Amino acid sequence: MAKRPAPDEVEEALDNLESSMFDNVAPPEEGEPERKMPRTTPRDGDWTCPQCGNLNYSDRVICNMRRCGASRPAQDWICHACGNSNYADRQVCNMRRCRAPRGGPQFGVPG
């Protein structure tokens with residue numbers, strides 16, 4: 001199982017990504033409508049590709065960078081029956097009194 005990055009490492013990578021995202025974006029020509037800028041702050045459920053660092057929307061299962069296409073990494077999940085936080089590789093809740101299977105209303109939603 002892959003080692004989880006430390007929170008400060010993730011934050012630093014996101015900071016570096018955000019500062020370099022607009023380096024190659026040219027300002028709009030005179031008379032052209034202003035272009036929409038890409039979203040740089042993640043929303044709940046968005047994920048960063050472990051291979052290329054691209055910020056992907058929560059509904060994507062593969063990275064949308066043309067040259068990457070890496071699969072979304074497994075994510076921890078919240079048990080729909082008891083609210084316990086479980087590691088991504090578990091298929092049933094690890095609370096002794098619960099043992100509910102992974103799934104239910106929150107399946108696929110990051111926890």
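1. Let's start at Arg-99, which has a relative accessibility of 46% and therefore counts as partly exposed. Keep in mind as you look that this is a predicted model. You will find Arg-99 in the segment that follows β4 (85-86). Its backbone deserves a glance too: phi of Arg-99 is near 55 degrees, a positive value in a residue that is not glycine. For background, most residues other than glycine have a negative phi.

2. Next, please turn to Arg-72, in the loop between β2 (55-56) and β3 (77-78). Is this arginine buried or exposed? Arg-72 is buried, and yet it has no salt bridge. The nearest side chain of opposite charge belongs to Asp-59, and it is 7.1 Å away. What the side chain of Arg-72 does reach is the backbone oxygen of Ser-58, at 2.6 Å.

3. The loop between β2 and β3 is also the place of Pro-73. With a relative accessible area of 35%, Pro-73 is partly exposed.

4. Glu-9 counts as partly exposed because its relative accessibility is 47%, a value between the 20% and 50% cut-offs.

How values were computed
Residues numbered from 1 in each chain as written. Predicted model: local features only at pLDDT ≥ 70, side-chain atom pairs only at ≥ 80, totals over all residues. Heavy atoms only, no water. Helix = DSSP H or I, 4+ residues; strand = E, 2+ residues; numbered from the N terminus. Buried < 20%, exposed > 50% of the residue type's maximum accessible area, 1.4 Å probe, protein only. Lys, Arg positive; Asp, Glu negative; His and termini not counted. Salt bridge = Lys/Arg side-chain N within 4 Å of Asp/Glu carboxyl O. Polar contact = N/O pair within 3.5 Å; in protein donor to acceptor, adjacent residues only side chain to side chain.
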